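Here is a friendly briefing to read alongside the model. It begins with the ligand and then turns to the sheets.

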Amino acid sequence: MAKIWVVLQLREGQVPRLSWEALAAGQKLASTLGGKAEAILLGSGLGPAGETVAKSDLGAVHVADHEALRGYTPGAYVGALAPAIQSEKPDYVVFPHSYQSVDYVPRLAQAVGAALITDATGFETTDGGDGGLIWKRPVLGGKLQARVRAKGDGPIFVSVQAGSYPADSVVKATSGDTGVKPLNVDLSAVKADREILGYEEVGGDQVDLTKADVIVAVGRGVGGADKMGPVQDLAKALGADIAASRPVIDNGWLPRDRQIGSSGQTVAPKLYIAAGISGAIQHLVGMKGSTVIVAINKDPGAPIFNVAHYGIVGDLHEILPALTEAVKAAKG
Ligand code: FAD
C-alpha cells in the first residue's frame, strides 16, 4: 500500500483538464500499488474546487487555503508543500506537467530530497521484487522513449504529460463525497516570493478549439496557404474546426489561434484528423488525448502513426478529397 498525493493546478478557482488527468494518473497508481490517492489543492477560497474534486474516488482532499497562496508563486507553493511532504511522507506525489510545475516542482524536490521524473507518459510494474515502478518518458523530442526507475529513499515525484491519462477516466466516488480537510501544515510562515502585478488574457476573442468535437488538423505537408482547399472541404463536410501544427502557423498559412501543441492549445476532441503532420512530441502533447485519431501521411514511418488509431499512408491531396466525398455520400 502506498501513500499517493496528487497536487492539482487550478485556473481561476476551477479544476482544468490537466489536473483531472493528473488525478486519473494518481488513481491508476493507487489501484496498482494499493490504497487511494489523495488530492492536494493550494489557493485561497478553495471551497468550490475542493467540493468538485471530492466527488472523485479518493482517500481525502486536502486544501491549503491561505491568502499567500491566492496567486501562484513558487516560493509560497514550496513553502506550503515542503513541510507537509516532510511530515506526511507520501511515497509518490503526482503533478500535471505544465509550465507551472516545471517552475516550482524541481525546487520542491530539492527541498525534500525527492527523486523527480518529469513528463511521464505512463508506468509499468517490475518483477524485480523491489516494488519499484518503471516510468516512461519521451526524450530527444519524442524520437526515443526512456524507461526510468527512481532511486533513493525519498518520495518520488512524477509530473504527468498532458493527454497521457484521459480526464474522463477519473473514477467517481461511489458512496458519498470524499472528505475535504485542511492540509496538515502551518501556513502562517508561507510567503509569496513574487508580486503578481496582474493577468492579461491573450487573445480572449480567439477560437477555442478545446470545445471542438471534430478537428481537421493540417501540417507542413499541406504545402502552402494556397493548398488548404481540401482541408476546408473536409472540415465543412464533417462540421469540424480546422487546426494546425506550428510550422503552418509560423509560415502564416493559418492564424496562431489554430495551433495545437505545447505552445498552442491542448485538445481532446472525439475525432482528430492529422493530415501532413509528422507527430513531433510538441504537437502530440496537444492532441493525443483525442478519442479517435486518424493520421494521413505519405511517410509510413512518421511518428504520428504511433498515436493514431487509424493510419492512411498517402498524399493528403488525394486522400482528403476522397474522404470528403465519402463523408458526403454517408450523409446522403
Ligand atoms: P514536419 O515535421 O515537417 O512534417 C511534415 C509531415 O508531412 C511529414 O511527416 C511528411 O511526411 C508529411 N507530408 C509531406 N507532404 C505530404 C503530403 N503531400 N501528404 C501527406 N503527408 C505529407 N509544433 C506544434 O505542432 N505545436 C506546438 O505547439 C509546438 N511547440 C513547439 C515548442 C518548442 C519550444 C519547439 C522547439 C518546437 C515546437 N513545435 C511545435 C515544433 C515541433 O517540434 C515540430 O517541428 C512540428 O510539430 C512539426 O510540424 P509538422 O508535423 O507540420 O511538420
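The ligand is surrounded by 24 residues, and the closest are Arg 220, Ser 245, Ser 263, Ser 278 and Asn 297; a residue counts as near if one of its heavy atoms lies within 4 Å of the molecule or strand in question. This is a predicted model: local features need pLDDT of at least 70, side-chain atom pairs count only at pLDDT 80 or more, and totals for chains, interfaces and linings use all residues. Residues are numbered from 1 along each chain as its sequence is written, and side-chain values use heavy atoms, with hydrogens and water left out.

**Around the ligand**

- Ser 245 places a polar side-chain atom 2.5 Å from an oxygen atom of the ligand; a polar contact here is a pair of N or O atoms within 3.5 Å.
- Ser 278 uses its backbone instead, with an N or O atom 2.7 Å from a ligand oxygen atom.
- In the side chain of Asp 315, an N or O atom is 3.0 Å from a nitrogen atom of the ligand.
- Taken alone, the ligand exposes 990 Å², and the protein buries 73% of that (Shrake-Rupley areas with a 1.4 Å probe).
- Helix H6 (246–250) and helix H7 (281–284) are the elements that give two or more residues to the shell; helices are DSSP runs of H or I with at least four residues, strands are E runs of at least two, and both are numbered from the N terminus.
- The shell has 5 nonpolar, 14 polar and 5 charged residues, where Ala, Val, Leu, Ile, Met, Phe, Trp, Tyr, Cys and Pro count as nonpolar, Asp, Glu, Lys and Arg as charged, and the others, Gly among them, as polar.

**The parallel sheet**

- Five strands form an open sheet in the order E12-E11-E13-E14-E15, with parallel pairing; two strands pair if DSSP finds at least two bridges between them.
- Strand E12 (241–244) and strand E15 (310–313) are the edge strands, each pairing on one side only.
- From one strand to the next, the twist averages 20° (axes are lines fitted to C-alpha atoms, for helices over the stretch in contact, and angles run from 0 to 180 degrees between N-to-C directions).
- Strand E11 (residues 214–218) pairs with E12 over 4 bridges, and Ile 215 stands opposite Asp 241 in E12.
- Helix H5 (residues 229–238) packs on the sheet, touching E11, E12 and strand E13 (271–275), and its direction makes about 175° with that of E11; contact means heavy atoms within 4.5 Å.
- Helix H9 (residues 316–331) lies across E13, strand E14 (292–297) and E15, at about 135° to E14.

**The antiparallel sheet**

- An open sheet of 3 strands has the order E6-E7-E8, with antiparallel pairing.
- Strand E6 (122–125) and strand E8 (144–148) each have a single partner strand, so one side of each is left without a neighbour in the sheet.

Notes. A polar contact is a pair of N or O atoms within 3.5 Å; within protein, one must be able to donate a hydrogen and the other to accept it, and residues adjacent in sequence count only if both atoms are side-chain atoms.
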